[in-house]
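The following paragraphs lead the reader through a single protein chain, from its overall fold to its individual sites. Please keep the sequence and the model in view while reading.

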Amino acid sequence: MVKITCDNCGEERPERSAAGKEWILGYDIEMESPNAIQRSLRFLDRWDNRRVLEFGAIHLCCEQCKSEYKTAAPAA
Ligand SMILES: [Zn+2]
């Protein structure tokens, strides 16, 4: 069993997501180039259980955590 937690506030995602509470799935990927590290933040349109464990995947419990995460991310 896999436990998913919000990458911003640390809240645990319930097994069956409660009605009306849609989590946000995205990717936070760093790519190294000779001069700099480029960071790429992308968000999917909807939650996809098959992709939650992919490389660089991030999980956010709500829109507010999403915007806080983006704010905290350098050079996003
Ligand atoms: Zn959260």
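The secondary structure of this chain consists of 1 helix and 3 strands. Read from the N terminus, these elements follow the order β-β-β-α. The model is a predicted one, and all values given here were computed from it. Of the 76 residues in the chain, 29% are buried.

Which residues supply the protein donors of the zinc ion? The donors are the SG atoms of Cys 6, Cys 9, Cys 61 and Cys 65, at 2.3 to 2.4 Å from the ion. The angles that these 4 donor atoms subtend around the zinc ion run from 104 to 116 degrees, and the arrangement is therefore tetrahedral. For comparison, the ideal angle for four tetrahedral donors at a metal is 109.5 degrees.

Along the sequence, the donor residues follow the spacing C-x2-C-x51-C-x3-C. Within this set, Cys 9 and Cys 65 link distant parts of the chain, being 56 residues apart. Cys 9 belongs to the segment before β1 (24–32), whereas Cys 65 lies in helix α1 (residues 63–72). Are these two residues buried or exposed, or do they fall in between? Cys 9 has a relative accessibility of 45% and so counts as partly exposed. Cys 65 counts as buried because its relative accessibility is 6%, and the cut-off for a buried residue is under 20%.

Strand β3 (residues 57–60) contains His 59. With a relative accessible area of 10%, His 59 is buried. Its side chain makes a contact at 2.7 Å with the backbone oxygen of Val 52.

Val 2 is situated in the segment before β1 and, at 45% relative accessibility, counts as partly exposed. Val 2 and Arg 13 are separated by 11 residues in sequence, and their C-alpha atoms lie 10.0 Å apart in space.

Key. Residues are numbered from 1 along each chain as its sequence is written. This is a predicted model: local features need pLDDT of at least 70, side-chain atom pairs count only at pLDDT 80 or more; totals for chains, interfaces and linings use all residues. Side-chain values use heavy atoms; hydrogens and water are left out. Donors are N, O and S atoms within 2.8 Å of the metal (3.2 Å for Na, K and Ca); water is not among the atoms, so sites may look incomplete. Four donors count as tetrahedral if all angles lie between 85 and 135 degrees; four count as square planar and six as octahedral if opposite donors are over 155 degrees apart and all others between 65 and 115; anything else is irregular. Helices (H or I, at least four residues) and strands (E, at least two) are DSSP runs, numbered from the N terminus. Buried means under 20% relative accessible area, exposed over 50%, partly exposed in between (1.4 Å probe, protein chains only). A polar contact is a pair of N or O atoms within 3.5 Å; within protein, one must be able to donate a hydrogen and the other to accept it, and residues adjacent in sequence count only if both atoms are side-chain atoms.
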